[in-house]
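Me: I have a structure open and a few things to ask about it. Can we go through it piece by piece?

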Amino acid sequence: MAARRIAKSSINWSALAERVPPNQKAQFAAFKIKSDVYMRAVMSNPETAPKIDWAHYKNLIPIPGLVDTFQKQYEALKVPYPPDNVTSQVETQAKETKAEVESFKKSSEQRIAQYKKEIAHLNSLLPYNQMTMEDYRDSFPDLALDSANRPTFWPHNPEEQVGYVSKEQEAARAEHAKEH
């Protein structure tokens with residue numbers, strides 16, 4: 001009887017277990033145990049309510065019409081199955097998520113291609129331990145120290161140079177400009 005309702009679980013537990021991070025295995029195991037307990041409880045009940053032998057009760061109860069009244073009320077009782085209001089929302093959200101995932105994959109593939117080009121460029125350069133300052137300047141003109149055209153002060157980082165404006169200062173200046 002109950003086997004017709006749910007022939008097998010629609011959840012592929014082994015495939016799901018492969019995707020669970022190691023730090024969440026305990027929660028996953030607890031969830032699976034709760035699910036199995038619930039499934040056993042559902043399967044232990046019959047698919048339909050047991051049939052009531054109304055004739056047997058009519059013979060046992062001496063009050064005329066009482067069993068007939070109960071029978072009419074019992075047969076008139078319909079427990080409504082809740083309407084499905086969320087499946088369309090879930091399917092829409094799944095489509096949106098799938099589109100986001102595809103977009104992320106495409107952008108990731110573009111970044112990977114760009115990074116591979118950068119790696120190939122770096123591999124084509126001299127190794128850093130064999131590079132001279134002139135080689136570094138030729139390979140990275142925007143990063144190399146250029147005392148003739150762009151003199152800097154020790155420790156030669158941007159924060160210590162004349163005219164340096166931090167991001168916080170730029171934001172404050174922009175806010176000040178908006179107000180005035």
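**Working through the model**

Reply: Ile33 is a place to start, and it lies in helix α3. Keep in mind that this is a predicted model.

Me: Is Ile33 buried or exposed?

Reply: Ile33 counts as exposed, because its relative accessibility is 53% and the cut-off for exposed is over 50%.

Me: And how far is Ile33 from Asn123?

Reply: Their C-alpha atoms are separated by 52 Å. Along the chain, Ile33 and Asn123 are 90 residues apart.

Me: OK, aromatics now. How many aromatic pairs are there?

Reply: The structure holds 5 aromatic pairs. One of them is formed by Trp13 and Phe31, with ring centres 5.8 Å apart and planes at 55 degrees. That angle is why the pair is called tilted.

Me: Where do Trp13 and Phe31 sit in the chain?

Reply: Trp13 is in helix α2 and Phe31 is in helix α3, which spans residues 25-44. The two are 18 residues apart, and the pair links distant parts of the chain.

Me: Which class does each get, buried or partly exposed?

Reply: Trp13 has a relative accessible area of 13%, so it is buried. Phe31 is at 47% and therefore counts as partly exposed.

Me: What about Tyr128 and Phe140?

Reply: They form a stacked aromatic pair, 6.4 Å centre to centre, with 20 degrees between the planes. Tyr128 lies in the loop between α6 (87-124) and α7 (133-139), while Phe140 lies in the loop between α7 and α8 (167-179). The pair therefore ties together parts that are 12 residues apart in sequence.

Me: Which class do Tyr128 and Phe140 fall in, buried or exposed?

Reply: Tyr128 counts as exposed, at 54% relative accessibility. Phe140 is buried, with a relative accessible area of 13%.

Me: Back to Trp13. Which residues does it cluster with?

Reply: Ring pairs link Trp13 into a cluster with Phe28 and Phe31.

Me: Phe28 is new. What touches Leu16, leaving out residues up to four places away in sequence?

Reply: Phe28 comes up again there: Leu16 touches Ile11 and Phe28. The C-alpha atoms of Leu16 and Phe28 are separated by 9.2 Å, and the two residues are 12 apart along the chain.

Me: Which residues line the largest pocket?

Reply: Thr48, Ala49, Pro50, Lys51, Ile52 and Trp54 are among them.

Me: Last one. What is the phi of His156 near?

Reply: It is near 60 degrees, a positive value in a residue other than glycine. His156 is found in the loop between α7 and α8. With a relative accessible area of 36%, His156 is partly exposed, because that class runs between the 20% and 50% cut-offs.

Key:
Residues numbered from 1 in each chain as written. Predicted model: local features only at pLDDT ≥ 70, side-chain atom pairs only at ≥ 80, totals over all residues. Heavy atoms only, no water. Contact = heavy atoms within 4.5 Å. 1 Å grid on protein atoms, 1.4 Å probe; cavity = no way out; pocket = protein on both sides within 12 Å on 5 of 7 lines; lining within 4 Å. Phe/Tyr/Trp six-rings, centres within 6.5 Å; stacked < 30°, edge-to-face > 60°. Helix = DSSP H or I, 4+ residues; strand = E, 2+ residues; numbered from the N terminus. Buried < 20%, exposed > 50% of the residue type's maximum accessible area, 1.4 Å probe, protein only.
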